[in-house]
Amino acid sequence: MTGEAVRVHVDAAKCKAYGICYQQSPEVFDLDDSGYASVRMEEVPPELHEAARMAVRMCPERAISIEAG
């Protein structure tokens, strides 16, 4: 994924507000007042790709996905 644009998505139906994604990458994710995640940016810059991938791996509900483009 390095060098190419990537987009991160949070499936709101799957998110259970654990906040692990935000703890892993607060530059990419935000939490609402109830602790549910959202993505802070439309495209993730290359320097944050690894943090976004780690958040995908760490999400216990598999609510986060990454796609190229």
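Modeller: The structure holds one cavity of 30 Å³ or more; on a 1 Å grid over the protein atoms alone, a cavity is a set of points where a 1.4 Å probe fits but cannot get out. Points are joined across faces, edges and corners, and the volume is the space filled by probe spheres set on them. This is a predicted model, with local features needing pLDDT of at least 70 and side-chain atom pairs pLDDT 80 or more, while totals for chains, interfaces and linings use all residues. Residues are numbered from 1 along each chain as its sequence is written, and side-chain values use heavy atoms, without hydrogens and water.

The largest cavity has a volume of about 110 Å³. Its lining (residues with an atom within 4 Å of a point) has 14 members, and Cys-15, Tyr-18, Gly-19, Cys-21 and Cys-59 are the closest to the centre. Eleven lining residues are nonpolar, two polar and one charged; here Ala, Val, Leu, Ile, Met, Phe, Trp, Tyr, Cys and Pro count as nonpolar, Asp, Glu, Lys and Arg as charged, and the others, Gly among them, as polar.

Cys-21 also belongs to the largest nonpolar core, of 14 residues, where Val-8 and Ala-55 are likewise among those with the most contacts. Such a core joins buried Ala, Val, Leu, Ile, Met, Phe, Trp, Tyr and Cys residues through side-chain atoms within 4.5 Å, buried being under 20% relative accessible area with a 1.4 Å probe, protein chains only. Leaving aside neighbours within four places in sequence, Ala-55 is in contact (heavy atoms within 4.5 Å) with Cys-21, Gln-24, Phe-29 and Ile-64.

Technical notes:
Buried means under 20% relative accessible area, exposed over 50%, partly exposed in between (1.4 Å probe, protein chains only). On a 1 Å grid over the protein atoms alone, a cavity is a set of points where a 1.4 Å probe fits but cannot get out, and a pocket is an open set with protein on both sides within 12 Å along at least five of seven lines; lining residues have an atom within 4 Å of a point.
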